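Reader: Hey, I'm new to this and want to talk through a protein model. Can we start with the words I'll need?

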Amino acid sequence: MKDYSLLKINLMGGIVSPGTLQYILSAAREAGVRDISFGARQQLLMYVKAETVRGTGIFDLKNKLDISNIDFEVDSDDFPNIISSYCAEEVFPTGQWISEGIYKDIFDGFDYQPKLKVNISDFQQSFTPFFTGNLNFIASNTQNFWYLYVRPKQTNRIFRFPILIYTLEIPKISKRIEEVIWNNPEMDENEVYEKVIAQGEIISQVIPEDLKLPKFSLPYYEGFNRYGDKTWLGIYRRNETFSVDFLQDICQVCLETKVGQICITPWKSLIIKGIEKKHRNLWDELLGKHTINVRHAANELNWQVEDLSPEGLALKKSIIREFDDEDVRTFGLSFAVQTRPKSEVFGSVVIKKRNIFNGLSSVFDIYHTVDFNPNTRELILFEKGVNKAHVPEILQRLSKRFYALSSKQEVTVVKEKERKASDLQLIKVHQCKVCFTVYDERFGDSVNNIAVGVKFTDLPNDYCCPVCEAAKEEFAEVKVDALLV
């Protein structure tokens, strides 16, 4: 019997009004919640005493959320949040035509809860990820029209929808595509397009040019920062938790000073926009009251850890301490820690935990994305089977490789209509269909004492997966660029 349940509230587009958040926090506090977290998909997460525990307040909390028509899930994640780059609007470099009103027009059009992940992104920003969704809408140079990149669930196959989508059609086409591909993830792009259009025409335009995205550079998103005649405040917490008391005080100051919204970022931080100069002292006093630091080092901010992962956070902290001791430069890079096999993280360097000896021990495999571009899902293995104590050292070597590459050529992000074949795409490996572990003859399998260079077909018939012990026949041949990660 578990003692706590995880309650999740989607904050659509990463936006919440101070009044709504204050209501949620008050209800949560009455249910015994003292700290909450924000997720990588801009949602609110809290642990509440489970219904089976005597004296729990979860019943009243759920009732209050229902009364106010606030959607939530308990111990499930059937409806991933719609995320957006609105948190970057005004405060970081963005496109010319996207405004707060356009984002909100899109959000208002969703009259259903998507089961697929939907991303709404400005094409010129590099603060929020472009391709972590199943339906990735990216603004084009043509005003009010968007590219759409589709990634069927549980695949790394991405294809571009053959037309630009009008702003107000985004909710409609999202619903249609979800209905088409939910049970048919292998459907090809032509079939998807034909079935979607067969349900009725949508306002669209032909695609005039391939999408070109900016070079990734994560802006410093913490502390007080001026823009125009106002200030925005970024708040990051090292443990990725915020006390309910602190957040309630934030809501109160926002209401008193007529700040109309609070933004949650994919980096699990907060951004409060529109702070007037005359109110700056109120925010200073608030931070002082709760002893909140807002000047962490940049090499601590460019990390993404799985939601609610103490193990991942502990690894991140140990690496950062060593980076600080060695004065390691990480500008231009972003790091991600994955401790659970099927979780999704965003970064140009990905550190994946892998259990060995039937889970009695673990090692880490370290990957980087193609050209160190975090907006591609193509991972290149850099080092396999690394002991935890040696991970910082390997990451330092990888950082040096990144800067050597950067000195020779500019790292840019370009998504073309057709991906060109590469050596990486031609490599075939075998992947376990149960836990997604990969057997690659270039590396062998140290757990099962399989030497480097042994082909999959030459493995003994009783070979089994080193992670989940699935039989040899449970492996499927796949190209590297189609791996499930």
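Author: Helices (H or I, at least four residues) and strands (E, at least two) are DSSP runs, numbered from the N terminus. This is a predicted model, where local features need pLDDT of at least 70, side-chain atom pairs count only at pLDDT 80 or more, and totals for chains, interfaces and linings use all residues. Residues are numbered from 1 along each chain as its sequence is written, and side-chain values use heavy atoms, with hydrogens and water left out.

Reader: OK, so is the crossing of helix 1 and helix 2 left-handed or right-handed?

Author: Helix 1 crosses helix 2 in a right-handed way.

Reader: And at what angle do helix 1 and helix 2 pack?

Author: About 160°, with the axes of helix 1 (residues 18-30) and helix 2 (residues 58-67) 8 Å apart. Axes are lines fitted to C-alpha atoms, for helices over the stretch in contact, and angles run from 0 to 180 degrees between N-to-C directions. Helix 1 and helix 2 are therefore roughly antiparallel. Angles under 35 degrees count as roughly parallel, over 145 as roughly antiparallel, 65 to 115 as roughly perpendicular and the rest as oblique.

Reader: Which residues make the contact there?

Author: Tyr 23, Ile 24, Ala 27, Ala 28 and Glu 30 of helix 1 touch Leu 61, Lys 64 and Leu 65 of helix 2 (contact means heavy atoms within 4.5 Å).

Reader: What about helix 4 and helix 5, how do they cross?

Author: The axes of helix 4 (residues 170-181) and helix 5 (residues 189-197) come within 10 Å and cross at roughly 125°. That makes helix 4 oblique to helix 5. Their crossing is right-handed.

Reader: Switching topic: in what order do the strands of the open sheet go?

Author: The five strands run 5-1-4-3-16, with antiparallel pairing; two strands pair if DSSP finds at least two bridges between them. Strand 5 (73-74) and strand 16 (242-243) are the edges, each pairing on one side only.

Reader: How many bridges join strand 1 to strand 4?

Author: Seven, between residues 4-10 and residues 43-49. Asn 10 sits opposite Gln 43 in strand 4.

Reader: Last one: how many salt bridges does the structure hold?

Author: There are 19, each a side-chain nitrogen of Lys or Arg within 4 Å of a carboxyl oxygen of Asp or Glu. One of them joins Glu 344 and Arg 151 (3.0 Å, N to O). Both lie in loops, so the pair ties together parts that are 193 residues apart in sequence.

Key: A crossing is left-handed if the near helix is turned anticlockwise from the far one by less than a right angle, and right-handed if clockwise.
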